[in-house]
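Trainee: I'm new to this one. Could you walk me through it piece by piece?

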Amino acid sequence: MRPKTTIVKPLGPIGAVVATALLVGACGGGGDSGGSRVGGEPEDGVLRVVADDTQDFDADAYLASAGDVTVEYVQSGFQNHTLMIEGLEDQMRLEVENGGRDSGTVTLQPGRYIIYCDVAGHRDGGMEARLLVE
Ligand SMILES: [Cu+2]
């Protein structure tokens with residue numbers, strides 16, 4: 001009988017790297033993302049998140065400005081995916097499938113948040129990203 005294995009994701013070092021990247025991006029101005037995996041905030045103030053069929057978001061971290069944040073969720077493949085913010089699930093839940101898109105608005109205070117997909121197994125598979133609101 002094999003013992004049940006629990007996979008624990010260490011967040012410490014990765015979080016530090018992402019936080020540094022976010023800070024650099026915030027101070028750099030100019031909006032040159034240069035292929036980084038940090039999703040920047042577009043000029044129209046809409047936070048765009050793309051869901052891939054590899055069960056991943058298009059970035060590991062996103063930036064938004066505090067206040068009413070409009071999130072546009074775009075499906076790049078065919079699988080069903082959802083998007084919500086940890087702890088604020090009752091305020092916004094987006095769902096896409098078959099190349100569709102969905103959008104919603106949520107009011108956010110400055111801080112660090114986690115967005116994720118709640119389709120069974122997807123979050124464990126990597127559908128989780130950071131959201132820095134400043
Ligand atoms: Cu998903």
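This is a predicted model: local features need pLDDT of at least 70, side-chain atom pairs count only at pLDDT 80 or more; totals for chains, interfaces and linings use all residues.

Trainee: How many bridges join strand β2 to β3, and in which sense do they run?

Mentor: Residues are numbered from 1 along each chain as its sequence is written. Strands here are DSSP runs of E, at least two residues long, numbered from the N terminus, and two strands pair if DSSP finds at least two bridges between them. For β2, residues 46-52, and β3, the run is antiparallel and the number of bridges is two.

Trainee: Which residue in β3 is the bridge partner of D52?

Mentor: D52 belongs to strand β2, which covers residues 46-52. Strand β3 spans 56-57. Across the bridge in β3, the partner of D52 is D56.

Trainee: What is the strand order in the sheet of four strands?

Mentor: This sheet is open, with mixed pairing. Its edge strands are β3 and β8 (101-108), each pairing on one side only. Read across, the order is β3-β2-β5-β8.

Trainee: And which strands are the edges of the sheet of six?

Mentor: That sheet is open too, with mixed pairing and the order β1-β4-β10-β9-β6-β7. Each edge strand pairs on one side only, and the two are β1 (38-39) and β7 (94-96).

Trainee: Which residue of β4 is the bridge partner of G39?

Mentor: β1 pairs with β4 (residues 61-64) in the parallel sense, over two bridges. In β4, G39 has as its bridge partner Y62.

Trainee: Which residues touch the most other members of the largest nonpolar core?

Mentor: A nonpolar core is a set of buried Ala, Val, Leu, Ile, Met, Phe, Trp, Tyr and Cys residues joined through C-beta atoms within 7 Å. Buried means 20 or more other C-beta atoms within 10 Å of a residue's own, exposed means 12 or fewer, and partly exposed is in between, with C-beta atoms placed from the backbone. In soluble globular proteins, nonpolar side chains tend to be buried together. Here the largest core has 23 residues, and those touching the most other members are V49, Y62, V71, Y73, L83 and A129.

Trainee: What is Y62 in contact with, leaving aside its neighbours within four places in sequence?

Mentor: A contact means two C-beta atoms, placed from the backbone, within 7 Å. β4 is one of the strands that supply at least two residues of the core. For Y62, the contacts are G39, L47, V49, A129 and L131.

Trainee: Is N98 buried or exposed?

Mentor: N98 lies in the loop between β7 and β8, and its phi is near 55°, a positive value in a residue other than glycine. With 9 C-beta neighbours inside 10 Å, N98 counts as exposed.

Trainee: How far apart in space are Q79 and V96, C-alpha to C-alpha?

Mentor: Q79 sits in the loop between β5 and β6, and is partly exposed, with 17 other C-beta atoms within 10 Å. Q79 and V96 are 17 residues apart in sequence, while their distance in space is 8.0 Å.
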